[in-house]
Amino acid sequence: MRIHKWVGVVVDNAVAAPVLPDVTDLVIWARKGDHAAYSKLVERYKDSLYRLAVRILGRPADAEDAVQEAFIKAYIHLDSYRSEYSFYTWVSTILTNTCYS
């Protein structure tokens, strides 16, 4: 039996239902340098964070820049994220602070 990080479990060359990693796993992997795991976090939250930034800033281009900056800050400070809290709450706080700075 082989376990594939993003695909699922392969048993006798048959693929089981896809296993989507939870946020805690993605953060753990990203902390260990797995850039694909962090990309999955970005994909999971970028749209909702963009909508939040547009509401705060009012301009789509500024919102895109703010979201990108927030994700960079979040990556740099990933070790300060505590898994008992929602990742979205943590990164949206970073985004809000970025928008108002």
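From the N terminus on, the elements of the protein chain follow the order β-β-β-α-α-α-α. The model is a predicted one, and its protein chain has four helices and three strands. Of the 101 residues of the protein chain, 31% count as buried. Among contacts with a separation of 6 or more, 46% are accounted for by residues 24 or more positions apart.

**Packing of H2 with H3**

- The axes of H2 and H3 come within 8 Å and cross at roughly 140°.
- The crossing of H2 and H3 is right-handed.
- On the H2 side, the contact is made by His35, Tyr38, Leu41, Val42, Tyr45, Lys46, Leu49, Tyr50, Ala53, Val54 and Leu57. H3 contributes Pro60, Asp62, Ala63, Glu64, Ala66, Val67, Phe71, Ala74 and Tyr75.
- Divided by class, the contact of H2 with H3 has 16 nonpolar, one polar and three charged residues.

**Packing of H3 with H4**

- Helix H3 spans residues 60–76 and helix H4 spans residues 87–100; their axes come within 9 Å and cross at roughly 125°. H3 and H4 are therefore oblique to each other.
- H3 passes H4 in a right-handed crossing.
- The residues of H3 that make the contact are Ala66, Val67, Glu69, Ala70, Phe71, Lys73 and Ala74. Those of H4 are Trp90, Val91, Ile94, Leu95, Thr98 and Cys99.
- By class, the contact of H3 with H4 comprises 10 nonpolar, one polar and two charged residues.

**Packing of H2 with H4**

- The axes of H2 and H4 are 10 Å apart, and the two helices pack at an angle of about 40°. That angle makes H2 oblique to H4.
- H2 and H4 form a right-handed crossing.
- From H2, the residues Leu41, Tyr45, Ser48, Leu49, Leu52, Ala53, Ile56 and Leu57 take part. They meet Phe87, Tyr88, Val91, Ser92, Leu95, Thr96, Cys99 and Tyr100 in H4.
- The contact of H2 with H4 divides into 13 nonpolar, three polar and no charged residues.

- Tyr38 lies in helix H2 and is buried, with a relative accessible area of 8%.
- Leaving aside neighbours within four places in sequence, Tyr38 is in contact with Ala30, Phe71, Ala74, Tyr75 and Leu78. The side chain of Tyr38 also reaches the backbone oxygen of Phe71 at 2.7 Å.
- Tyr38 and Ile28 are 10 residues apart in sequence, and their C-alpha atoms are 9.6 Å apart in space.
- Ser48, likewise found in helix H2, counts as partly exposed at 22% relative accessibility.
- The side chain of Ser48 reaches the backbone oxygen of Tyr45 at 3.2 Å.
- A distance of 9.9 Å separates the C-alpha atoms of Ser48 and Val67, which are 19 residues apart along the chain.

**Thr98 in H4**

- Thr98 is found in helix H4 and is buried, with a relative accessible area of 7%.
- The side chain of Thr98 reaches the backbone oxygen of Ile94 at 2.8 Å.
- With neighbours within four places in sequence left aside, Thr98 is in contact with Ala66, Glu69, Ala70 and Lys73.

**Asp34 between H1 and H2**

- Asp34 is found in the loop between helix H1 (23–31) and helix H2 (35–57).
- Asp34 is buried, with a relative accessible area of 17%; the cut-off for buried is under 20%.
- A polar atom of the side chain of Asp34 lies 3.1 Å from the backbone nitrogen of Ala37.

Definitions and conventions. Residues are numbered from 1 along each chain as its sequence is written. This is a predicted model: local features need pLDDT of at least 70, side-chain atom pairs count only at pLDDT 80 or more; totals for chains, interfaces and linings use all residues. Side-chain values use heavy atoms; hydrogens and water are left out. Axes are lines fitted to C-alpha atoms, for helices over the stretch in contact, and angles run from 0 to 180 degrees between N-to-C directions. Angles under 35 degrees count as roughly parallel, over 145 as roughly antiparallel, 65 to 115 as roughly perpendicular and the rest as oblique. A crossing is left-handed if the near helix is turned anticlockwise from the far one by less than a right angle, and right-handed if clockwise. Contact means heavy atoms within 4.5 Å. Ala, Val, Leu, Ile, Met, Phe, Trp, Tyr, Cys and Pro count as nonpolar, Asp, Glu, Lys and Arg as charged, and the others, Gly among them, as polar. Buried means under 20% relative accessible area, exposed over 50%, partly exposed in between (1.4 Å probe, protein chains only). A polar contact is a pair of N or O atoms within 3.5 Å; within protein, one must be able to donate a hydrogen and the other to accept it, and residues adjacent in sequence count only if both atoms are side-chain atoms.
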